[in-house]
Amino acid sequence: MSYANTTASPAARLRAASGVIAIHALVGAGVVAGLTITGTISPPAKIVDTFDVTNPPPPPPPEPQVVPDPAPLPYAPPAAPEPPLRLDRPAPIDVVPVTPNMPTDLVLVPPPRAIPAPTPAVTPSAPPAIDPVSASPRNGPAGWITTNDYARSDLVREREGTAGYRLVIGSDGRVDACEITRSSGHSTLDRNTCRLIERRARFDPAKNNRGETTVGTYTGSVTWQIPE
C-alpha cells in the first residue's frame with residue numbers, strides 16, 4: 001500500500017475517493033427507500049375443492065334357500081320284534097304292626113298354663129255427704145218493698161192487702177221467676193210485688209249434697225198498707 005500511494009498521482013486518488021463516495025451514497029439511498037415501503041402482504045386465499053358424497057346403496061337381501069324334502073325310502077324299515085310280556089308278581093307279605101311297649105299306668109298331664117295374677121279391684125270413693133242448703137236472701141226482704149213504692153192510683157183508691165209469692169232462684173243468686181201464690185185482692189199490687197222483688201232481691205244460691213250451686217226456690221209475702 002505504501003508503494004501504491006507513492007506511485008499514484010493525486011488525480012487518480014481523487015477519482016478513487018469519488019467512486020467510493022458514490023457507491024456509499026447509492027447503498028444509503030437503497031436502504032432508505034427500503035425502509036419507507038409500508039403495507040402488509042396477505043397470504044393467498046386457500047382454495048378448497050368440494051364435492052358431493054353419495055352413500056352406496058345397501059346390499060340386496062340374501063335369497064332364501066330351498067331345502068328339498070328327503071326322498072322316500074324304497075322299502076319300509078323292519079320292525080323290531082316285541083319281547084313276550086312276562087310279569088313276575090312277588091308273593092304277598094304279611095305285615096304285622098309293631099306296637100311299642102308302653103306302661104299301663106301312664107297318666108297324661110296337660111301342659112302348664114299361665115294364670116293371670118289377680119288385680120286389686122278399684123272401688124270409687126263415695127263423695128262426702130253434705131246437707132243441701134236452700135237459697136237465702138243476701139239483702140233484707142224488708143227493703144225490697146216500702147210504702148214509698150205505692151202507686152198514686154193505689155193510694156187514691158186506698159188499696160191494701162197481703163200478696164204471697166214464690167221465687168225461683170238461679171245458681172247465680174238472681175231471681176229467675178216470680179209467681180203470686182196468694183193475691184192481695186188487687187192486680188196492680190200483685191204485679192208491683194213481683195216487679196219490685198225481681199229487680200231488687202239478691203240471694204245466696206242453693207247448694208246440693210256435693211256442695212255445688214244449683215237452682216232453688218224461696219217463698220214469702222208482702223203486706224201493702226197505707227201509712228197514717
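Contact here means that heavy atoms lie within 4.5 Å of each other. The model is a predicted one, and what follows walks through it from the overall layout down to single side chains.

The chain carries four helices and seven strands. Read from the N terminus, these elements come in the order α-α-β-α-β-β-α-β-β-β-β. Of its 228 residues, 15% count as buried. The chain exposes about 20400 Å², and carbon and sulfur atoms supply 61% of that area. As for contacts with a separation of 6 or more, 70% of them are between residues 24 or more positions apart.

Strand E2 has two partners to look at. It runs antiparallel to E7, with nine bridges joining the two, and Gly 161 sits opposite Trp 224 of E7. E2 also runs antiparallel to E3, this time through six bridges; Arg 166 has Glu 179 in E3 as its bridge partner. E2 and E3 form a hairpin with five residues between the strands, and in this hairpin Gly 173 adopts a positive phi near 90 degrees.

The C-alpha atoms of Thr 214 and Gly 173 are 9.4 Å apart, although 41 residues separate the two along the chain. Beyond its neighbours within four places in sequence, Thr 214 is in contact with Ile 169, Gly 170 and Ser 171, and also with Pro 205, Ala 206, Lys 207 and Asn 208. With a relative accessibility of 31%, Thr 214 counts as partly exposed.

Next comes the interior. In soluble globular proteins, nonpolar side chains tend to be buried together. In this model the largest nonpolar core has 19 residues, and the ones with the most contacts inside it are Trp 144, Tyr 165, Leu 167, Ile 197 and Phe 203. Two or more core residues come from each of strand E2 (161–169), strand E3 (175–182), helix H4 (187–200) and strand E7 (216–224). H4 gives the largest share, four residues.

Setting aside neighbours within four places in sequence, Trp 144 is in contact with Pro 137, Asn 139, Asp 149, Tyr 165, Leu 196, Ile 197, Arg 200, Ala 201, Phe 203 and Tyr 218. Two of these residues turn up again in the ring pairs, which link Trp 144, Phe 203 and Tyr 218 into a cluster.

The side chains of Asn 139 and Trp 144 are joined by a polar contact of 3.1 Å. The Asn 139 side chain also reaches the backbone oxygen of Arg 200, at 3.0 Å. Asn 139 and Phe 203 are 64 residues apart along the chain, yet their C-alpha atoms are separated by 7.3 Å.

Searching the whole structure turns up four aromatic pairs. In one of them, Tyr 150 and Trp 224, the ring centres are 5.4 Å apart and the planes stand at 75 degrees; that angle is over 60, so the pair is edge-to-face. Tyr 150 lies in the loop between strand E1 (136–137) and H3, while Trp 224 lies in strand E7, so the pair ties together parts that are 74 residues apart in sequence. Tyr 150 has 8% relative accessibility and therefore counts as buried, the cut-off being under 20%. Trp 224 is buried as well, with a relative accessible area of 3%.

Helix H3 (residues 152–156) holds Asp 154. The side chain of Asp 154 makes a polar contact with that of Arg 159, at 2.9 Å. Not counting residues up to four places away in sequence, Asp 154 touches Arg 159, Thr 188, Leu 189, Asn 192 and Ile 226.

Technical notes
Residues are numbered from 1 along each chain as its sequence is written. This is a predicted model: local features need pLDDT of at least 70, side-chain atom pairs count only at pLDDT 80 or more; totals for chains, interfaces and linings use all residues. Side-chain values use heavy atoms; hydrogens and water are left out. A nonpolar core is a set of buried Ala, Val, Leu, Ile, Met, Phe, Trp, Tyr and Cys residues joined through side-chain atoms within 4.5 Å. Buried means under 20% relative accessible area, exposed over 50%, partly exposed in between (1.4 Å probe, protein chains only). A polar contact is a pair of N or O atoms within 3.5 Å; within protein, one must be able to donate a hydrogen and the other to accept it, and residues adjacent in sequence count only if both atoms are side-chain atoms. Two strands pair if DSSP finds at least two bridges between them. Rings of Phe, Tyr and Trp (its six-membered ring) pair if their centres lie within 6.5 Å; planes under 30 degrees apart count as stacked, over 60 as edge-to-face and the rest as tilted. Accessible areas come from the Shrake-Rupley method with a 1.4 Å probe; for residues, only the protein chains shown count as cover.
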